[in-house]
Amino acid sequence: MSAADVSLIASPLTFHHSGKVAPNRLGKSAMTERLCVWNDDPAEAGNRGQPTPAYLHLYEEWGKGAIGTIIVGNIPCDARYPESKGNAIIDRDHKDNWDQVAAFKPVFAAAKAYGSVVIVQVTHAGRQTQNTVAEVPVSSSDVLCPPMGGMTFNKPRPMTIAEIEDLVDRFAYTAKVLYDAGADGIQLHSAHGYLLSQFLSPRVNHRTDKYGGSYENRSRLLFEITDAIRARVPDTKFIMSIKINSADFSEGGFSPEESKQTVLRLEAAGMDIIELSGGTYESGLFLHRKESTIKREAYFVEFAENIRPHLKTAKLMVTGGFRSAPAMANALRAEPDLSALLIAGKTAKAKANLVPEPLQTGSSVLQLADIGYGKPFRSLEDKAVADDVVAALMGGKVAPAYPARL
């Protein structure tokens, strides 16, 4: 690892609209922590998503890690349709059950304590809500999501216009909670086949009203949410950002051309950070990679290079594949101090992960629980440890890390 590599990684990054400055170019992408309160009892639904001591401790550790930009989450804005049990949740309809601002304020403060910019990813799973959570999920249309990674889903029903308008308000409400709790900004999750992505995709969105059909109609919801958030939180120091697919990688899905068009419109709408990803539960996540991108350790870097010359102010973040310092690192989920080690020149790359790729989300959830609960850390570069984790995941012997109540 050269001194030039370290210098580039360690250089600060200023976000145009907000004026916020990240201390370096490294970012921790959002992931599924699954450490917050969840109870299957419908009578306890209002308490779902409360931060726990383990969740707070996880962000304390990441905060110490010299990460330039930490993206928290994902955090669903509707407790009925989470990405997973154990998600942190901010649901407008549960605001009287617990103090959401007070609950998240120490989490964001811990993550920011050493200078990181802290942004929170907000989502809605839509048709990708597991059938163990929602008997009838909602989506842009009634297109069923096929099974993926041991998860199964029921056929969704199309959202009504009133429900779409309610969704816009939910995102705006959640943004205001984040702002009041001290977060530096919000990231809309419009990638990986979640609800906003379901509206963008012509493969999934078969609507014939103002939210379906043409690209302008399919993208309408995304920009209504963007406008509603800025109306609810007019302070331009609050960062607006998005995670969006460079492509869905499925026939008839959201295309690279439409993604490019959307990215340019989002920049014009005031987005400071645009994180590029790709794939859905249906097509697979991070599996559509050219040999050239594998060699460069960045799954979506070629799309980023295509779009970057057209951007004037927004900063691009590329998700997935990075392992070494010259290519930078998105491997932070397994190594909370990786950024600090890279910047100090004490390591040139992330640790190897010997768990097969389709199981790495599950293995990462276990590692996050190790950090959150202060348990001995499972190092997946050790083949024996990786084999034990695979056996536990395949055998369904992994107990949930989230508590039923505080």
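A disulfide is counted here when a pair of cysteine sulfur atoms lies within 2.5 Å. By that rule, this structure has zero disulfides. Buried means under 20% relative accessible area, exposed means over 50%, and partly exposed is in between (1.4 Å probe, protein chains only).

Keep in mind that this is a predicted model, where local features need pLDDT of at least 70, side-chain atom pairs count only at pLDDT 80 or more, and totals for chains, interfaces and linings use all residues. Residues are numbered from 1 along each chain as its sequence is written, and side-chain values use heavy atoms, leaving out hydrogens and water.

Now for the loops. Helices (H or I, at least four residues) and strands (E, at least two) are DSSP runs, numbered from the N terminus. Between strand S3 (27-28) and helix H2 (53-63) there's a loop that holds arginine 34. Arginine 34 isn't a glycine, yet its phi is positive, about 55 degrees. Alanine 66 sits in the loop between H2 and strand S4 (69-76), and its phi is also positive, near 60 degrees. Alanine 66 is partly exposed, at 30% relative accessible area.

The buried residues in H8 include Glu258, Thr262 and Leu266. After H8 comes glycine 270, with a positive phi near 105 degrees.
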